[in-house]
Amino acid sequence: MTWTHNTSPTCDLCNAHDVQDEQHVLLHCTHRYVVSLQKTHASLFSSAGLNNVSTFLGQENNKLDFFLLALIVFYEQASSRTY
Ligand SMILES: [Zn+2]
(Lines give C-alpha, C1' and ligand atoms only; values in the text may rest on other atoms or scores of the structure.)
Protein backbone atom coordinates (compact mmCIF):
# COMPACT_ATOMS: atom_id res chain seq x y z
CA MET A 1 0.00 0.00 0.00
CA THR A 2 1.39 3.38 -0.94
CA TRP A 3 0.65 6.64 0.82
CA THR A 4 -0.06 8.64 -2.30
CA HIS A 5 -2.20 7.93 -5.33
CA ASN A 6 0.49 8.31 -7.95
CA THR A 7 0.62 5.73 -10.69
CA SER A 8 4.22 5.04 -9.78
CA PRO A 9 4.64 3.39 -6.39
CA THR A 10 8.13 4.77 -5.93
CA CYS A 11 8.63 7.70 -3.62
CA ASP A 12 8.56 10.99 -5.48
CA LEU A 13 9.91 12.98 -2.56
CA CYS A 14 13.43 11.61 -2.50
CA ASN A 15 15.90 9.93 -4.83
CA ALA A 16 15.97 6.53 -3.18
CA HIS A 17 13.75 4.93 -5.87
CA ASP A 18 12.15 3.06 -3.03
CA VAL A 19 8.52 2.06 -2.98
CA GLN A 20 6.72 4.67 -0.89
CA ASP A 21 5.32 2.32 1.67
CA GLU A 22 5.08 2.80 5.41
CA GLN A 23 8.56 1.48 6.01
CA HIS A 24 10.08 3.89 3.52
CA VAL A 25 8.15 6.89 4.80
CA LEU A 26 8.82 6.19 8.46
CA LEU A 27 12.40 5.00 8.32
CA HIS A 28 14.12 5.53 5.00
CA CYS A 29 12.83 8.59 3.17
CA THR A 30 15.57 11.15 2.65
CA HIS A 31 13.41 14.16 1.80
CA ARG A 32 14.82 17.07 3.80
CA TYR A 33 11.55 17.71 5.64
CA VAL A 34 11.26 14.06 6.66
CA VAL A 35 14.89 14.07 7.79
CA SER A 36 14.31 17.21 9.86
CA LEU A 37 11.25 15.58 11.45
CA GLN A 38 13.35 12.54 12.31
CA LYS A 39 15.94 14.80 13.95
CA THR A 40 13.27 16.65 15.91
CA HIS A 41 11.96 13.31 17.16
CA ALA A 42 15.36 11.65 17.53
CA SER A 43 14.34 9.69 20.62
CA LEU A 44 12.04 7.63 18.41
CA PHE A 45 15.01 6.46 16.38
CA SER A 46 17.39 5.52 19.16
CA SER A 47 15.98 2.12 20.01
CA ALA A 48 16.58 -1.18 18.28
CA GLY A 49 14.39 -2.82 15.68
CA LEU A 50 14.00 0.21 13.48
CA ASN A 51 13.80 -1.83 10.31
CA ASN A 52 10.51 -3.17 11.54
CA VAL A 53 7.51 -0.88 11.16
CA SER A 54 5.40 -2.62 13.77
CA THR A 55 8.22 -2.39 16.31
CA PHE A 56 8.63 1.28 15.52
CA LEU A 57 4.92 1.97 15.83
CA GLY A 58 4.76 -0.07 19.04
CA GLN A 59 7.14 2.20 20.92
CA GLU A 60 5.90 3.69 24.15
CA ASN A 61 7.03 7.19 23.34
CA ASN A 62 4.73 10.17 23.61
CA LYS A 63 6.44 11.75 20.62
CA LEU A 64 5.26 9.02 18.30
CA ASP A 65 1.81 10.50 17.73
CA PHE A 66 3.24 13.92 16.93
CA PHE A 67 5.75 12.46 14.52
CA LEU A 68 3.12 10.40 12.69
CA LEU A 69 0.69 13.28 12.48
CA ALA A 70 3.31 15.63 11.06
CA LEU A 71 4.35 13.00 8.51
CA ILE A 72 0.79 12.28 7.40
CA VAL A 73 0.00 15.97 6.98
CA PHE A 74 3.20 16.48 5.03
CA TYR A 75 2.60 13.56 2.66
CA GLU A 76 -1.00 14.54 2.07
CA GLN A 77 0.07 18.04 1.09
CA ALA A 78 2.97 16.77 -0.98
CA SER A 79 0.80 14.37 -2.93
CA SER A 80 -1.99 16.88 -3.54
CA ARG A 81 0.53 19.27 -5.08
CA THR A 82 1.13 16.89 -7.94
CA TYR A 83 -2.41 17.27 -9.30
ZN1 LIG B 1 11.16 8.92 -0.05
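The model is a predicted one, in which local features need pLDDT of at least 70 and side-chain atom pairs count only at pLDDT 80 or more, while totals for chains, interfaces and linings use all residues. Residues are numbered from 1 along each chain, following the sequence as written.

The secondary structure of the protein consists of four helices and zero strands, and from the N terminus on the elements run α-α-α-α. Helices (H or I, at least four residues) and strands (E, at least two) are taken as DSSP runs and numbered from the N terminus. Of the 83 residues of the protein, 13% count as buried, where a residue is buried if 20 or more other C-beta atoms lie within 10 Å of its own, exposed if 12 or fewer, and partly exposed in between, with C-beta atoms placed from the backbone. Among contacts (C-beta atoms, placed from the backbone, within 7 Å) between residues at least 6 apart in sequence, 32% join residues at least 24 apart.

The largest nonpolar core is made up of eight residues, namely C11, L13, V25, C29, V34, F67, L71 and Y75. Such a core is a set of buried Ala, Val, Leu, Ile, Met, Phe, Trp, Tyr and Cys residues joined through C-beta atoms within 7 Å. Helix α4 (residues 64–80) gives the most to this core, with three residues. Leaving aside residues up to four places away in sequence, F67 touches L37, H41 and L44.

| Pair | Apart in sequence | C-alpha to C-alpha |
|---|---|---|
| L27 and F45 | 18 residues | 8.6 Å |
| S47 and Q59 | 12 residues | 8.9 Å |

L27 has its place in helix α1 (residues 22–28), and L27 is partly exposed because 15 other C-beta atoms lie within 10 Å. S47, by contrast, is found in the loop between α2 (32–40) and α3 (53–57), and S47 counts as exposed because it has 11 C-beta neighbours inside 10 Å.

To return to H17, this residue has a positive phi of about 55° although it is not a glycine. Most residues other than glycine have a negative phi. H17 counts as exposed because it has 8 C-beta neighbours inside 10 Å.

Notes:
Contact = placed C-beta atoms within 7 Å.
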